[in-house]
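Please keep the sequence and the structure in view while reading.

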Amino acid sequence: MSAFHFDGLVWHWPIAIYLFLAGLSAGAVFFAIMLKHFKLADKAYLSPFVQAAAVIAPIAVCAGLGILVIDLTKPLAFWKILVFYNTSSVMSMGVLVLLVYQVMLFAWLGSVFSTPIQQWLKQRLPLLSKLLAQLARHEDVITGVLVILSLSLGAYTGFLLSALIGFPLLNNPVLPLLFLISGLSSGAAATLLGGVLMRGNPNGVEVRFIHRIEIPMILVEIALLFTFFAGLILSGGQSQVAAMKAIGEGFWGWIFWAGVVGVGLTLPLAFNLWMKVSSDRKFAYVAVTASFSLIGVLLLRNFILYTGQMTAV
Amino acid sequence: MDNSKRRFLKGCGGVIAGMSVYTVTQPPQANTAEQVSELKYAMVHDENLCIGCNACEDACRKVNNVPDGVTRVNIERSGPFGEYPNQSYRFSRHSCQHCEAAPCVKVCPTGAAYIDEETGIVAVNEDRCVGCQYCIAACPYQIRFINPETRVADKCDFCQQTQLSEGLLPACVLACPTNALVFGNLKDPASALVKTLKSKPTYRDKVDLGTRPKLFHVRTIDGEIVL
């Protein structure tokens with residue numbers, strides 16, 4: 001049995017990348033909103049970190065959906081998924097969340113960046129100006145709804161897999177929470193990486209704010225990961241077989257311990273703690289820590305997707 | 001600050017009110033239960049009678065135009081069991097179980113996977129299928145596949161489109177030389193199917209998942225006990 005091809009494998013790596021990008025988009029939006037709400041207020045649009053999140057979030061979600069559509073066996077029929085709905089299907093409800101999320105995301109971008117866009121427009125396109133003014137006036141409502149939608153989207157990526165009753169590793173109530181938290185941390189990492197690449201101050205208020213949230217978030221993620229596998233092993237039967245096959249042996253065992261636990265969680269946690277005590281953040285520190293987090297989350301998505309399908313009930 | 005909170009709460013209240021009105025406007029569930037069909041198809045595979053000749057698979061392929069490389073039904077052979085010269089194989093039918101609570105139907109985003117209310121058959125609406133393969137991943141029996149010619153999720157439908165529409169039994173049942181397959185109406189007490197179910201002990205696969213499958217098996221009785 002090879003790591004990427006085995007009996008019973010239905011969903012391949014494009015789905016893992018889609019899950020990664022959707023979670024990343026949700027996380028970037030979530031942290032951009034938190035930055036604006038708690039630290040930056042009206043000056044948010046000037047921050048390279050908020051700007052980075054504003055670029056990353058829509059591109060990530062659109063790219064993820066693009067990958068998803070190409071991965072269909074009938075890509076040109078994708079519109080049917082937007083027309084026909086099934087309330088008992090997680091995927092169908094996810095499509096609904098994604099649609100509303102994208103609309104609200106662009107509305108939020110319009111409201112947060114209305115000042116610079118208005119300046120750039122200079123009375124041209126009066127209709128667009130009016131729309132932006134409307135959006136800016138309703139920013140509070142848009143923000144509130146978008147926070148809920150981003151959390152829903154992050155959790156949805158987990159529910160999509162946990163609805164598969166034939167695979168004990170996937171059909172696990174901890175999975176949506178694990179994907180939500182790791183998605184948020186990937187969004188935070190992408191925001192940090194994008195921000196410092198756009199010449200944001202690596203020792204600035206934004207980085208300090210996100211890092212302060214990141215340490216407890218990594219700890220929660222470790223606890224969730226532990227609960228996830230401890231729960232499977234204690235369940236016995238095929239659940240135990242699935243867990244041991246995933247983390248106890250072979251290629252995916254290495255990916256889990258070295259990639260997900262080592263590079264994705266332990267090193268970022270160590271770097272974050274180091275930056276906290278040294279209270280001096282440099283570009284390289286921030287960029288490397290963020291890159292490690294991103295790699296870890298991407299590996300986690302692939303690891304769960306593949307090992308989940310390895311063991312059936 | 002307080003003002004924005006109030007407006008956000010107002011917005012939430014509006015959404016909740018809208019949603020509650022929407023659920024009231026939905027047709028009550030009782031409406032669909034009115035026309036209960038007198039027909040519910042099921043199948044029994046008697047593993048004692050099966051000789052593993054694969055005639056069922058060949059007949060299915062021919063009648064339903066199933067391309068090479070994929071199949072709607074296959075007979076899994078395990079063994080040999082016992083000591084030479086008293087050795088035997090066991091055969092188990094692997095095909096759609098036509099679950100009453102079908103996971104594939106539950107997860108299908110477009111409703112392409114559906115249960116035919118008339119017959120209880122789990123069927124595929126080819127027009128609606130977009131090929132997301134969620135049903136293939138969701139089926140605990142792993143019997144769904146993508147038809148390489150139509151690019152659509154495919155599986156056994158008890159020959160709904162072919163044999164049944166012409167008033168014939170499913171192709172596999174007709175092809176079986178030992179009459180190991182019994183097909184019929186679960187709601188008809190006089191049917192051969194119900195008589196078989198009442199006279200032989202049967203089992204169904206993975207019932208603990210709550211799928212309530214309608215493919216029954218009569219377990220092999222010869223040979224050794226396998227744990």
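The model is predicted. On that basis chain A reads α-α-α-α-α-α-α-α-α-α-α-α from its N terminus, which amounts to twelve helices and zero strands.

**Chain A: overall form**
- The radius of gyration of chain A is 20 Å, close to the 20 Å given by the globule rule for 313 residues, so chain A is as compact as a globular protein of that length.
- The C-alpha trace of chain A spans about 65 × 55 × 25 Å along its principal axes.
- Buried residues account for 48% of the 313 residues of chain A.
- Of the contacts in chain A between residues at least 6 apart in sequence, 79% link residues at least 24 apart.

**Chain B: overall form**
- Chain B has a radius of gyration of 23 Å, whereas a compact globule of 227 residues would have one near 17 Å.
- Along the principal axes, the C-alpha trace of chain B extends over about 90 × 40 × 35 Å.
- In chain B, 35% of the 227 residues count as buried.
- Among contacts in chain B with a separation of 6 or more, 58% are between residues 24 or more positions apart.

**Helix 1 and helix 12 of chain A**
- Helix 1 (residues 13-40) of chain A and helix 12 (residues 283-310) of chain A have axes that come within 9 Å and cross at roughly 135°.
- The crossing of helix 1 of chain A with helix 12 of chain A is right-handed.
- On the helix 1 side of chain A the contact involves Trp13(A), Ile15(A), Ala16(A), Leu19(A) and Phe20(A). Helix 12 of chain A meets them with Val297(A), Leu298(A), Arg301(A), Asn302(A) and Leu305(A).
- By class, the residues of this contact between helix 1 and helix 12 of chain A are eight nonpolar, one polar and one charged.

**Helix 5 and helix 6 of chain A**
- The axes of helix 5 (residues 114-121) of chain A and helix 6 (residues 126-137) of chain A come within 10 Å, with a crossing angle of roughly 165°.
- Helix 5 and helix 6 of chain A are therefore roughly antiparallel to each other.
- Helix 5 of chain A and helix 6 of chain A form a left-handed crossing.
- Helix 5 of chain A contributes Ser114(A), Ile117(A), Gln118(A) and Leu121(A) to the contact. From helix 6 of chain A come Leu128(A), Ser129(A), Leu132(A), Ala133(A), Leu135(A) and Ala136(A).
- The residues of the contact between helix 5 and helix 6 of chain A comprise seven nonpolar, three polar and no charged.

**Contact between chain A and chain B**
- Chain A gives 27 residues to the contact, and chain B gives 27 residues.
- On the side of chain B that touches chain A, the elements giving two or more residues are helix 1 (2-25), helix 4 (103-107) and helix 5 (134-138) of chain B.
- That side of chain B consists of 15 nonpolar, seven polar and five charged residues.

Key:
Residues numbered from 1 in each chain as written. Chains lettered and ligands numbered in written order. Predicted model: local features only at pLDDT ≥ 70, side-chain atom pairs only at ≥ 80, totals over all residues. Helix = DSSP H or I, 4+ residues; strand = E, 2+ residues; numbered from the N terminus. Rg over C-alpha atoms; globule rule 2.2 N^0.38 Å. Buried ≥ 20, exposed ≤ 12 C-beta atoms within 10 Å, placed from the backbone. Contact = placed C-beta atoms within 7 Å. Axes fitted to C-alpha atoms, helices over the stretch in contact; angles between N-to-C directions. Left-handed = near helix turned anticlockwise from the far one by under 90°. Nonpolar A, V, L, I, M, F, W, Y, C, P; charged D, E, K, R; others polar. Parallel < 35°, antiparallel > 145°, perpendicular 65-115°, else oblique.
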